[in-house]
Amino acid sequence: ILSGILEHPDDSKFRHLKKRSQIFQKNVWGVVGAPEFLVSLGFVDDGDWVYLPDGVPFQELQDGITALSIVDLHAMRDLEQRVLENHEREQAAQRATELQLSAAQTIRKTVSDFSPQAQLFFHSGDRVLLAAVKLLKEILGRVALFPEDPRYRRINAASQRFSQSLGCVPGALELMQELGFSFDTTEGSQKTCPGTPSADGGGDQASCSADCGSSLYLVLKPEVDVVQVRAALLLLDDLESEIAAREFEAQKEAVRTARQKGRPRPSSSKDKQREPGGSPDLARQQQWQSANELNLTASQLVSDITALMELNWLLEDSGGFVATFRKEQKRLLQKFKEDGNIGHLHELKEQWERKLEETKIRTGKSAVSTIFQTRQHDTDPAAGRSSSQAS
């Protein structure tokens with residue numbers, strides 16, 4: 001704004017600023033301190049407009065531009081400093097994470113590192129174990145991301161999700177205790193889940209989720225290091241991958257068994273094609289191929305019909321327009337899509353062929369010579385001028 005006034009001192013439109021302008025309100029007038037700065041330079045607030053009177057010396061505007069340049073320079077330096085500090089913090093956090101991961105690899109835990117009671121957790125069924133592993137990974141993952149936040153070190157063991165997914169799995173509570181969690185109970189709470197299954201798989205799932213104390217909490221001890229948490233996460237990652245691999249192999253085996261029970265598999269792809277029933281994929285492919293061939297035939301028939309119509313109109317000197325033929329093509333194709341009657345298109349083509357022969361006999365003209373004369377007339381400028389004058 002100030003530079004525009006200095007570059008065009010005699011143009012009044014640069015001196016008048018509309019306050020209702022969204023750009024002016026957002027970038028200038030709505031900024032804290034901006035109205036006072038403009039008034040200090042000599043601008044006048046006149047209701048809907050802010051203008052600079054003619055008597056204000058330009059030196060005031062030049063001083064304002066200099067002040068803004070200094071502020072902009074300081075702002076750029078502050079921004080660069082903040083970006084540099086953020087980059088250094090990210091690098092430090094990345095180095096700390098790499099050190100923690102390397103340390104976790106060094107003290108990597110195995111199933112044999114836990115007590116026999118805690119090892120029952122790893123011997124549960126895959127479906128139950130997968131949900132428990134995911135929840136335990138979520139708990140430990142938050143601790144690893146926010147090691148200083150006490151909220152993620154305190155788990156409500158009486159919640160329905162914890163009770164149904166993790167608390168009722170054999171050996172889960174013992175495993176969490178060996179990982180560094182301890183019970184923090186208030187008066188009237190229970191330290192064990194009454195529905196926790198025993199080692200032989202007994203126990204009641206419903207009673208587990210309903211009877212747990214409402215104030216039962218598991219708290220990760222402050223002395224537990226993040227490196228130990230990451231080491232446990234590595235073990236859980238491997239366990240989750242093994243469960244997923246076993247489930248994938250089980251699904252493959254189930255599909256293979258279902259196919260063998262349904263019908264004997266052909267020895268080769270040629271035998272599969274010769275088979276009377278065929279596979280669903282092969283039948284679907286044959287159906288699509290036949291439908292595609294039928295559509296191509298219909299398109300060719302419609303093109304032939306419209307070509308016969310055009311020849312007939314040329315022989316009768318009826319004129320005709322290309323748009324009319326295209327409209328007729330669309331109409332015939334749409335009608336075929338609706339009823340799927342390819343025989344109607346064959347009959348229509350035969351009718352137009354007979355009509356073209358009758359027109360040739362009646363007019364005594366040849367289709368080839370008529371088309372040649374029409375094209376010659378279209379490409380001859382003199383003929384075009386004469387026809388336009390006659391019109």
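Before we meet the helix pairs, a word on angles: axes are lines fitted to C-alpha atoms, for helices over the stretch in contact, and the angle between two N-to-C directions runs from 0 to 180 degrees.

## The overall picture

What you have here is a predicted model. Its chain folds into 16 helices and six strands. Of the 391 residues, 28% count as buried.

Now for how the chain meets itself. Take the contacts between residues at least 6 apart in sequence: 71% of them join residues at least 24 apart.

Two packed helices are described by the angle between their axes and the distance between the axes. Start with helix H6 (residues 126-145) and H7, which pack at an angle of about 125° with their axes 8 Å apart. Angles from 65 to 115 degrees count as roughly perpendicular and those over 145 as roughly antiparallel, so H6 is oblique to H7. On the H6 side, the contact uses Val128, Ala131, Ala132, Leu135, Leu136, Glu138 and Ile139, while H7 brings Arg161, Phe162, Ser165 and Leu166. Sorted by class, that contact has eight nonpolar, one polar and two charged residues.

Move along to helix H7 (residues 160-167) and helix H8 (residues 172-179), and you'll find axes that come within 10 Å and cross at roughly 95°. That makes H7 roughly perpendicular to H8. Here Phe162, Leu166 and Gly167 of H7 touch Ala172, Leu173 and Met176 of H8. This contact divides into five nonpolar residues, one polar and no charged. Phe162 and Leu166 are also among the H7 residues in the contact with H6.

## A closer look at leucine 129

Leucine 129 sits in helix H6. Is it buried or exposed? Leucine 129 is buried, with a relative accessible area of 0%.

Leaving out residues up to four places away in sequence, leucine 129 touches Phe121, Phe122, Ser124, Leu239 and Ile243.

## H2 meets H3

Over at helix H2 (residues 22-29) and helix H3 (residues 34-41), the axes come within 9 Å and cross at roughly 90°. H2 and H3 are therefore roughly perpendicular to each other. Phe24, Val28 and Trp29 in H2 meet Ala34, Pro35 and Leu38 in H3. By class, that gives six nonpolar residues, no polar and no charged.

Lysine 19 lies in the loop between strand E1 (16-18) and H2. With a relative accessible area of 15%, lysine 19 is buried, because buried means under 20%.

What does lysine 19 touch, not counting residues up to four places away in sequence? Its contacts are Phe24, Gln25, Trp29, Asp45, Gly47, Asp48, Trp49 and Val50. Two of these names, Phe24 and Trp29, also turn up on the H2 side of the contact with H3.

## The second largest pocket

The second largest pocket has a volume of about 260 Å³. Around it are Ile1, Leu2, Ser3, Asn27, Val28, Gly33, Ala34, Phe37, Leu38, Ile65 and Leu68. The elements giving two or more residues to this lining are helix H1 (2-7), H2, H3 and helix H4 (58-106).

Which element gives the most to the lining? That's H3, with three residues. As for class, the lining has eight nonpolar, three polar and no charged residues. Val28, Ala34 and Leu38 are among the lining residues, and these three also take part in the contact between H2 and H3.

Conventions
Residues are numbered from 1 along each chain as its sequence is written. This is a predicted model: local features need pLDDT of at least 70, side-chain atom pairs count only at pLDDT 80 or more; totals for chains, interfaces and linings use all residues. Side-chain values use heavy atoms; hydrogens and water are left out. Helices (H or I, at least four residues) and strands (E, at least two) are DSSP runs, numbered from the N terminus. Angles under 35 degrees count as roughly parallel, over 145 as roughly antiparallel, 65 to 115 as roughly perpendicular and the rest as oblique. Contact means heavy atoms within 4.5 Å. Ala, Val, Leu, Ile, Met, Phe, Trp, Tyr, Cys and Pro count as nonpolar, Asp, Glu, Lys and Arg as charged, and the others, Gly among them, as polar. On a 1 Å grid over the protein atoms alone, a cavity is a set of points where a 1.4 Å probe fits but cannot get out, and a pocket is an open set with protein on both sides within 12 Å along at least five of seven lines; lining residues have an atom within 4 Å of a point. Grid points are joined across faces, edges and corners, and a volume is the space filled by probe spheres set on the points. Buried means under 20% relative accessible area, exposed over 50%, partly exposed in between (1.4 Å probe, protein chains only).
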